[in-house]
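Welcome, and thanks for taking a look at this one with us. Below is a short tour, with a few stops along the way.

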Amino acid sequence: MIALSLQNLDIFYGETQITHNINVEIKEGESFALVGESGSGKSTVLKAIAGLAPEWSGSISAFGQPRSHNIDQQFAKHCQMVFQDPYGSLHPRKTVDATLSEPLAIHGVSNQNGRVEDILVAVGLDRKFRFRYPHQLSGGQRQRVAIARALMLEPKLLLLDEPTSALDVSVQAEILNLLKRLRREQNLTFLMVTHNLPVVSFLCDRLAVMRHGRIVEIADVAELKRGALKEPYSRELMDISSAHAG
Ligand SMILES: Nc1ncnc2c1ncn2[C@@H]1O[C@H](COP(=O)(O)OP(=O)(O)OP(=O)(O)O)[C@@H](O)[C@H]1O
Ligand SMILES: [Mg+2]
């Protein structure tokens, strides 16, 4: 089963074309990374899939269901996004409970109470956090809430935009482990943007390298680990990354 298919995807902000002819097929259960330099269009691709960048042409479909250009509640049930910045992405005046209940209310899901309790356990948050506000949580706890919110409707596909880059290094590994476990437990498919090639190695099966709004190479993570990416630009990225690691 194909979880996500992007065909000839061109995305625009007004007159400006940001991506060119993006073609990707991600299998159910796969974890797929988008890497590439700042401004190459990675977040824009996720936003278009999530319905946050409405000017595009080509096709976007998840589990065989094409997404429309408008608000698409059916699509949103399958596919949810987690943003880079857990400080900005949570409403400051809403408790954790209100944040997590909201998608259930919008979609008319019953047993909201039980579902909130279960998801807090799933993302490793003690029940004492349930009625706190975002400013009463650490960065890592906020990102757990953001991940929990994305999972409330039991989506099959998660779009993750640099989900750990705003966090303290010591917390990044916790969140990466959480994502790895949730993917296994809930049979999720991931499309994840990251700058960090070690994160790709840890969490992903394949990657696409983007530059100036185009995909220059799609490879298996095994090739990344062997240092065997083919395109000169991909190799440049690997060199920069290993220089930082060293
Ligand atoms: N709302 C917007 N309106 C107009 N242009 C935008 C908008 N958002 C992004 N852009 C432009 O689109 C291009 C791609 O941006 P995007 O955020 O997708 O890059 P990115 O690959 O995610 O970069 P980074 O790694 O820095 O997050 C950039 O040139 C950016 O300036
Ligand atoms: Mg981005």
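## A helix with one buried face

The buried residues of α5 pack against α4 (96–106) and α6 (139–151). Here a contact means that two C-beta atoms, placed from the backbone, lie within 7 Å, and helices (H or I, at least four residues) and strands (E, at least two) are DSSP runs numbered from the N terminus. A residue is buried if 20 or more other C-beta atoms lie within 10 Å of its own, exposed if 12 or fewer, and partly exposed in between, with C-beta atoms placed from the backbone.

Helix α5 itself covers residues 112–122, and its buried residues are V116, I119 and L120. Seen down the axis of α5, they fall within an arc of 105°, so they line one face of the helix; the arc is that of the directions from the helix axis to the C-beta atoms. An α-helix has 3.6 residues a turn, so residues three or four places apart point the same way. G114 and V121, on the other side of α5, are exposed. Just after α5 comes G124, with a positive phi of about 75°.

## About the model

This is a predicted model, in which local features need pLDDT of at least 70 and side-chain atom pairs count only at pLDDT 80 or more, while totals for chains, interfaces and linings use all residues. Residues are numbered from 1 along each chain as its sequence is written, and chains are lettered from A and ligands numbered from 1 in the order in which they are written.

## The antiparallel sheet

Four strands form an open sheet in the order β2-β1-β4-β5, with antiparallel pairing. β2 (16–27) and β5 (65–66) stand at the edges with a single partner strand each, so one side of each is left without a neighbour in the sheet. Two strands pair if DSSP finds at least two bridges between them.

Strand β1 (residues 2–13) is joined to β4 (residues 56–62) by six bridges. Along this antiparallel pair, L4 stands opposite A62 and D10 stands opposite S57.

## The core and a parallel pair

The largest nonpolar core has 65 residues, and A148, L191 and V200 have the most contacts inside it. Its largest share, six residues, comes from α6. Such a core is a set of buried Ala, Val, Leu, Ile, Met, Phe, Trp, Tyr and Cys residues joined through C-beta atoms within 7 Å. Leaving out residues up to four places away in sequence, V200 touches A33, V35, T194, L207, V221 and L224.

Strand β6 (residues 79–82) is covered on both faces: C79 and M81 are buried on one side, Q80 and V82 on the other. β6 runs parallel to β7, joined to β7 by four bridges, and M81 has L159 of β7 as its bridge partner.

## Loops worth a visit

L153 sits in the loop between α6 and β7 and counts as partly exposed, with 18 C-beta neighbours inside 10 Å. The C-alpha atoms of L153 and L104 are separated by 6.8 Å, although these residues are 49 residues apart along the chain. Beyond residues up to four places away in sequence, L153 touches K77, Q80, P103 and H107.

Most residues other than glycine have a negative phi. E162, in the loop between β7 (157–161) and α7 (169–186), has a positive phi near 45°. N187, in the loop between α7 and β8 (189–193), has a positive phi near 50°. Are these residues buried or exposed? E162 counts as buried, with 20 C-beta neighbours inside 10 Å, whereas N187 counts as exposed, with 10.
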